[in-house]
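Welcome! Take a moment to look over the protein shown here, and then let us walk through it together.

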Amino acid sequence: MPKRTRPTTWRTLAAAATAALTATLLTPVAADAAPRESRPVHSYDNAIREAVWVDTGLDEDENGGTDRVAVDIVRPREPAQRGRKVPVIMDASPYYSCCGRGNESQRKTYDANGDVVRMPLFYDNYFVPRGYAVVGVDLAGTSRSDGCVDVGGRSDIRSAKAVVDWLNGRGTAYTSRTGTERARADWTNGRTGMIGKSWDGTIANGVAATGVEGLETIVPIAAISSWYDYYFSQGAPLYDSGPDWLSQYVESPEARARCGAVQRELVAGAPRTGDRTPLWTARDYVRAAEKVRASVFLVHGMQDLNVRMQHVGPWWDALAAHGVKRKIWLSQTGHVDPFDFRRAEWVDTLHRWFDHELLGYDNGIDREPVADIERRPDQWVTSATWPPRGTHTATLRPHLGDEAGVGTLGLRRGKGIESFTDDPRLSETDWAARVDTRTPGKAGFVTGPLTRGLRLSGASEVTVTATPSTPTAHLSAVLVDLGPDTIRDYADDGEGIGTLPERTCWGASTEGDSSCFKETRATTTDVEHTVVSRGWADLGNHAGDGKGEPLVPGKRYTITLELAATDHVVPEGHRLALIVAGTDRGLIDPPADTPTLTLDLARTSARVPFVGGTAAFARATAGAHATATAPDAVLDGVSRPGVTAHRVPGVAR
């Protein structure tokens, strides 16, 4: 597990800066009363709607001119009339034309002059009347923008960073895609917050990692922090495609025709070997966390099997190491926006966050708990810090049981060997369902029923010493809570939510842009086991240098699998299981061979972060004895995760 994060620190605005901001605040207040909340005092129907094209300084499509990206703006008219400057909420996305945003797949629409009529999502409806400008950026190579999509690389990030620069008086924009008339951002104070789900939130991470001045906060939702970890897990391929396929999926027809060179670079730089190349290094925002100036409000589903929780732990810890102001929500959902799993609380919290970060209002959000965690469907708890203070890793060790392949898990060092044969037809669901039964495709190790609840919080590591029978082998390790529960059905099409016909409204509406969205509800399922955390690796990456190598059959190798961060309580009476197996169907691709792997239990262990550490685990397992269910019992979980050859961050559900 990565080093436990230190408590969040909050930077305060200097008195002079606060005074300057107060002078330009948009909500009318008494001179002697500091505002605590922006209010909808401006006309949305009469808002200024305009488009500019910002020069990125690149010529990725090689047409002889620098690329310009389309920027659609909705801003309140009244502050401009009074000479007051407004902050900006920005969503930079590749999806505005091809695929749509939000649960209802909304696309931008335009009037005859080319000005935006409908901006997807509720941000403009809600925040423009409250004195914010809302900006929607078409990433380079998409919709009305020039350039090429390079999937998290220089072109993607420069698309959005150039807009932040322009908003702060450092860039150049034009009133048309090909014209020469300049556009100035003299209506904004430059204070910008970026927000977005999945690829959009990924861009926010990437722009923040440039350290660009004027970007005050980001709100990445289900976002990627390292593109390598979207496509691979320690050398094991997660999908049978690479970034070249994804770029073609979102590119405009014009870009697709012009961007062959970028496509070839993506293919050459992202080999399916799983080796870490310079292409991946350039798309690793965690490495640049020291540059981040913006505060970060991170939201992620703990059962997100598209942009997986592997993107949360390293990014969160790296931000902490550099003193970045942070807040986090962790839900039980899959790849879902908080607007669709906790709507009223989300809108209120986001409103207060932007008021604090962009307007400088002292509304107390900086003194509230850092983490909100969904413990059961629609039931949330908070933590003052995350992971909580007192969280320490305990080293758990597997032991042989009375039956081959069905062992125990405890604190004493184990001995002996266990073997399994990779079966690409099986998934984590199959393994967990038969954890108490000898099956050839996995090795399972289980505690006895806990005598008290045990909270896991953070990222785990599983070190495996294995001898393969073939030159290629993949490994999976999962932690499982064995016991009955009702959870969000993250493997369902809605990934934990169902969409209802009723609508609720969040902000002002116009004829062309309604603020009313379909309501949702939690979709739940009753289970006998819950997968808590997962990790995967190609055993050929055992050296940890980012390069794989063929294995020598019969030779012993040691590798540490990095499991995703999580926050989960294993209740009293439940059992905790560690399962080690091969291909996790639907989540990683199989190796070229079908190996049998033999585990050396004396050199195999799991480091798991518990609140209370080793002592908490010892207390929870004191007097507990591993009790297997009937030999043919099957522990029901969610249905097997869907097998998707091509996932699209932010689109596929």
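Twelve strands form an open sheet with mixed pairing, in the order 8-7-1-2-6-3-9-10-13-14-15-16. Its edge strands, strand 8 (182-183) and strand 16 (379-383), each pair on one side only. Strands here are DSSP runs of E with at least two residues, helices are runs of H or I with at least four, and both are numbered from the N terminus. Two strands pair if DSSP finds at least two bridges between them.

A word on the source: this is a predicted model, in which local features need pLDDT of at least 70 and side-chain atom pairs count only at pLDDT 80 or more, while totals for chains, interfaces and linings use all residues. Residues are numbered from 1 along each chain as its sequence is written, and side-chain values use heavy atoms, leaving out hydrogens and water.

Strand 2 runs antiparallel to strand 1 (residues 48-55), joined by eight bridges; here V54 has V69 as its bridge partner. Four bridges join strand 2 to strand 6 (residues 133-138), also antiparallel, and V74 is partnered by V134.

## A loop residue

Where is E60? This residue lies in the loop between strand 1 and strand 2. E60 counts as buried because its relative accessibility is 13%. Beyond its neighbours within four places in sequence, E60 is in contact (heavy atoms within 4.5 Å) with D67, G147, C148, D150, R154, S155 and V262.

## Two helices side by side

Helix 7 (residues 243-250) and helix 9 (residues 260-269) have axes that come within 8 Å and cross at roughly 150°. Axes are lines fitted to C-alpha atoms, for helices over the stretch in contact, and angles run from 0 to 180 degrees between N-to-C directions.

At their contact, P243, D244, S247 and Q248 of helix 7 meet Q263, L266 and V267 of helix 9.

Note on methods: Buried < 20%, exposed > 50% of the residue type's maximum accessible area, 1.4 Å probe, protein only.
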